[in-house]
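Good morning, and thank you for joining this meeting. I would like to take you briefly through one structure.

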Amino acid sequence: MYPMLMLLVLAALLGASQGRTDCYGSVSRIVTPGASCKTAAPEGLSYCGVKASEKIAERDLGAMNRYKTLIKKVGEKLCIEPAVIAGIISRESHAGKILKNGWGDNGNGFGLMQVDKNSHRPVGQWNSEAHLMQGTNILISMIRAMQRRFPRWTKDQKLKGGISAYNAGAGNVRTYDKMDIGTTHNDYSNDVVARAKYYKRHGY
């Protein structure tokens, strides 16, 4: 009797967690100013902010959609919003458009999520599930670092901090309002969150 009851409870718990992507907060609730002018200008844009982030994300949408099924699969496996993964992929590699044989950043960054070969041993093909799992697990490790360092932050604040740390390391995040100072163009999480919101509206 009891073993069967345990199995039923376990099955219910597993069923409840399958397909979840909200374990680490949601970009929908994060307020962001979007891309800085330093990020927008190289893209040929005369404006900055959320509008710029959305325009860049829009330009990457066609290439991103090739990986949509894979991104959603990884998001569900790791219980994190697929839109966040897509936002990072757009920022890091324009959905692979700027990579050469899967490499970017002068040969230091690997794959869609630009895993730094100096800090990690890249796994899988540059556009594979294995690569997306590795990149997303690195992101999650940064979110967990925020959970330890800033226990009073909300889940959404920790998510944003983890996104910032994905670029510049957990030690770079000192305060919520200034977490992007020290990231590339001082806008990494603000830009990624704005792009992620765009991708969420487009089915990610």
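**Sheet, pocket and one lysine**

In this predicted model, glycine 109 stands opposite aspartate 116, a residue of strand S3. Two bridges join S3 to strand S2, residues 109-110, and these strands run antiparallel. Together with S1 they form an open sheet of three strands, ordered S1-S2-S3, with antiparallel pairing. Strand S1, at 103-104, and strand S3, at 115-116, are the edge strands, each pairing on one side only.

The largest share comes from H7, with three residues. The space in the largest pocket amounts to about 660 Å³. Its lining comprises 27 residues, and those nearest the centre are Glu92, Asp105, Gln114, Asn167 and Thr184.

Leaving aside residues up to four places away in sequence, lysine 77 touches Glu129 and Met133. With glutamate 129 there is a polar contact, side chain to side chain, at 2.6 Å. Arginine 20 is 57 residues from lysine 77 in sequence, yet the two C-alpha atoms are 8.2 Å apart in space.

Methods: Residues are numbered from 1 along each chain as its sequence is written. This is a predicted model: local features need pLDDT of at least 70, side-chain atom pairs count only at pLDDT 80 or more; totals for chains, interfaces and linings use all residues. Side-chain values use heavy atoms; hydrogens and water are left out. Two strands pair if DSSP finds at least two bridges between them. Helices (H or I, at least four residues) and strands (E, at least two) are DSSP runs, numbered from the N terminus. On a 1 Å grid over the protein atoms alone, a cavity is a set of points where a 1.4 Å probe fits but cannot get out, and a pocket is an open set with protein on both sides within 12 Å along at least five of seven lines; lining residues have an atom within 4 Å of a point. Grid points are joined across faces, edges and corners, and a volume is the space filled by probe spheres set on the points. Contact means heavy atoms within 4.5 Å. A polar contact is a pair of N or O atoms within 3.5 Å; within protein, one must be able to donate a hydrogen and the other to accept it, and residues adjacent in sequence count only if both atoms are side-chain atoms.
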